[in-house]
Amino acid sequence: MSEYDEAFDFVVAGSGAGSMAAALYMRSLGNSVLILEKTDLVGGSTARSGGVMWIPNNPFMARDGVEDSYDKAARYLDAVTGGQADSPAATRERRQAFLTEAPRMVEFLLSQGIELDRVSLWPDYYDERPGGIAEGRTVIARIFNANELGEWKERLRPSFIKLPGDLPASIEEMRQLPLFKRSWKSRGVLLKVVLRGAIAKLRGKNYVSGGAALQGRMLQAALRAGVEIRTNSPVTELLLENSAVTGVTSTKNGDPWRVGARLGVLVNTGGFAHNQRLRNIHQPGTQSAWSLAAPGDTGEMIEEMLGKGAARAQMEEFVGYQATIPPGFEDAESKPGVQSMTAAPHAILVDQTGVRYMNEGGSYMAYCKGILERHKTVPAIPSWAIFDNQYMSTYMLAGTMPGSEKPQNWYDEGYLKKAESIEALAQLIDVEPETLAATINRFNGFVANNHDEDFQRGVRVYDRWLGDPLHEPSQTLGAIDQAPYFAIPVVPGDVGTFGGVLTDEHARVMREDGSIISGLYASGVATGSVMGRYYPGAGASIGPSFTWGYVAAKHAAAAGQGR
């Protein structure tokens, strides 16, 4: 490889979910690895996220007495994602490979000293289907002292999953804290978190959780293993010899720098959430401004792989995450999430005619697909979250605490609508008063009977998990009948796109004719998802990304040994 400026055994473009898993596996075999990150921060959208991995049959489930198996997980994936003829990345072969390799990947990370665990309750999103598990299949990292990274601490991308004052809490603890005014258990959790924060300050620790904890731990392990990581080093070109990828062009000190890759190149650079041009082509009606993905999620490497002959898969899909954008948040990297808002009691979602049109619980991906589908026939972007004073006094709203005074500019700029009657609220959102009143009266009737006849909200365990565990008799159904009444706009935001190039069961990039581009692997949302057009559980993008990075490294290493 004399034509290259330098060479490594394995080169990884991007530093997101699958990158460091692949790098750690390669280093465990003694192979040299270079990770090239185009931004100044490491961790990708994974670091910004909740850092949850969906891993069926993971070792923590057996430890905790939660029954799962390959066969049970296969039944579930078949029930949720099977039969998608228009989803070339969601083949049975790829599903089988994922189910086999995902728990192995977790075991490998544990062997490398990565401290992982599971959330005791995070239901599968279609838990009512065959093979679904009410307790869930999620794996997370334990909270992490970012100070252990030394000078790399400042290069870890921060998570948007955090508490005011940066109090150190796990995701499971964070779910308890909004209930502290109503639950002694939650008060105990709050006291524990506050004490942990005080002790951390005294001991000079800086705990992070969610995706920052996951990627912080991965970064620490990668550095200890001798992985070379370069920031501000975008990959601009895949280099070919005899139709095989043998290296990349990056930048070093502002100049082009050619790096050879003896065993292969892994592209794990994210999707195209912040490329409005590509969104307009593949996902019309969506906006980059609504995305929570990392700023570097702009799709150049997807286009580069397509330019080298890669097949595309499921470019229309994105991991929807319902959003609301208060004044002042239009250009902010983080937007207030409303995932559980309309699944909580005393709230519903309506379109711009005042009609309710979906189960407001369930998968956030399905929720946002529902908005877009409705908008094809009835104006629904934005839709309106409708709620009453019971909701306002009990639950969080757009990042503000229950019962707190809302910023005056929310009212002044027309973001938060408030009225003393349903009819008056309807006029504020330009809806026929009779229609909105009929919608709410119908919903209130369902609440009285404790059954949502229209959309079955509350039938799934996941619906109820999104709601209020202290609300009886239903955790998710509550009447909208106490003035004043309120409305805020909801749009189909996302945490990233869900389609890209097509890969096989070894994470090798494929051409349109089904052949393989030798030496080129891809993982994460730079690829079409093995889940196709569905999201079966929390972490159904991060879990596969870690898994396919691990699978790619295993295959590349084994193939290299056979040369």
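Over the ring of which residue does the charged end of Arg155 sit? I looked this up before anything else. The ring belongs to Trp152, and the charged end of Arg155 is 3.7 Å from its centre. I note here that the model is a predicted one. Arg187 gave me another case: its charged end sits over the ring of Trp184, 4.3 Å from the centre.

**Aromatic pairs**

I then searched the whole structure for aromatic pairs and got 18. I looked at Tyr125 and Tyr462, whose ring centres are 4.2 Å apart with 35 degrees between the planes, and logged the pair as tilted. Tyr125 is in the loop between β4 (116–118) and β5 (138–141), while Tyr462 is in helix α16 (residues 461–466), so this pair ties together parts that are 337 residues apart in sequence. I checked accessibility for Tyr125 and Tyr462, and both are buried.

I also looked at Tyr391 and Tyr395. Tyr391 counts as buried because its relative accessibility is 2%. Tyr395 is buried as well, with a relative accessible area of 11%.

Tyr125 and Tyr462 turned up again in one aromatic cluster, together with Trp122, Tyr321, Tyr364, Trp465, Phe498 and Tyr535.

**Helices α1 and α8**

How do the axes of α1 and α8 cross, and at roughly what angle? I found that the axes of α1 (residues 17–28) and α8 (residues 210–225) come within 10 Å of each other and cross at roughly 30 degrees. That angle is under 35 degrees, so α1 counts as roughly parallel to α8. The crossing is left-handed.

I listed the residues in contact. From α1 they are Ala17, Met20, Ala21, Leu24 and Arg27, and from α8 they are Gln215, Met218, Leu219, Ala221, Ala222 and Ala225. An α-helix has 3.6 residues a turn, so residues three or four places apart point the same way.

I counted 10 buried residues among the 12 of α1, so I put the helix down as mostly covered. The buried ones include Ala17, Met20, Ala21 and Leu24. Just after α1, I found Gly30 with a positive phi of about 90 degrees.

**Ala89**

I looked up Ala89 in the loop between α4 (70–81) and α5 (92–111). Ala89 counts as buried because its relative accessibility is 0%. Leaving out residues up to four places away in sequence, Ala89 touches Arg94, Ala313, Gln314, Leu502, Gly528, Ser529 and Val530. I also took the C-alpha separation of Ala89 and Val551, which is 15 Å for residues 462 apart along the chain.

**Backbone checks**

Most residues other than glycine have a negative phi, and most peptide bonds are trans. I noted some exceptions.

- Ile381 and Pro382 are joined by a cis peptide bond, with omega about 0 degrees. Pro382 is in the loop between α11 (364–375) and β15 (383–388).
- The bond from Ala483 to Pro484 is cis, and its omega is near -5 degrees. I placed Pro484 in the loop between α16 and β17 (485–490).
- Ser243 is not a glycine, and its phi is positive, near 70 degrees. Ser243 is in the loop between β9 (237–241) and β10 (244–252).
- Asn450 is not a glycine either, and has a positive phi of about 55 degrees. Asn450 lies in the loop between α15 (433–449) and α16. With 37% relative accessibility, Asn450 counts as partly exposed.

Key:
Residues are numbered from 1 along each chain as its sequence is written. This is a predicted model: local features need pLDDT of at least 70, side-chain atom pairs count only at pLDDT 80 or more; totals for chains, interfaces and linings use all residues. Side-chain values use heavy atoms; hydrogens and water are left out. Rings of Phe, Tyr and Trp (its six-membered ring) pair if their centres lie within 6.5 Å; planes under 30 degrees apart count as stacked, over 60 as edge-to-face and the rest as tilted. Helices (H or I, at least four residues) and strands (E, at least two) are DSSP runs, numbered from the N terminus. Buried means under 20% relative accessible area, exposed over 50%, partly exposed in between (1.4 Å probe, protein chains only). A charge sits over a ring if NZ of Lys or CZ of Arg is within 6 Å of the ring centre and within 35 degrees of the ring normal. Axes are lines fitted to C-alpha atoms, for helices over the stretch in contact, and angles run from 0 to 180 degrees between N-to-C directions. Angles under 35 degrees count as roughly parallel, over 145 as roughly antiparallel, 65 to 115 as roughly perpendicular and the rest as oblique. A crossing is left-handed if the near helix is turned anticlockwise from the far one by less than a right angle, and right-handed if clockwise. Contact means heavy atoms within 4.5 Å.
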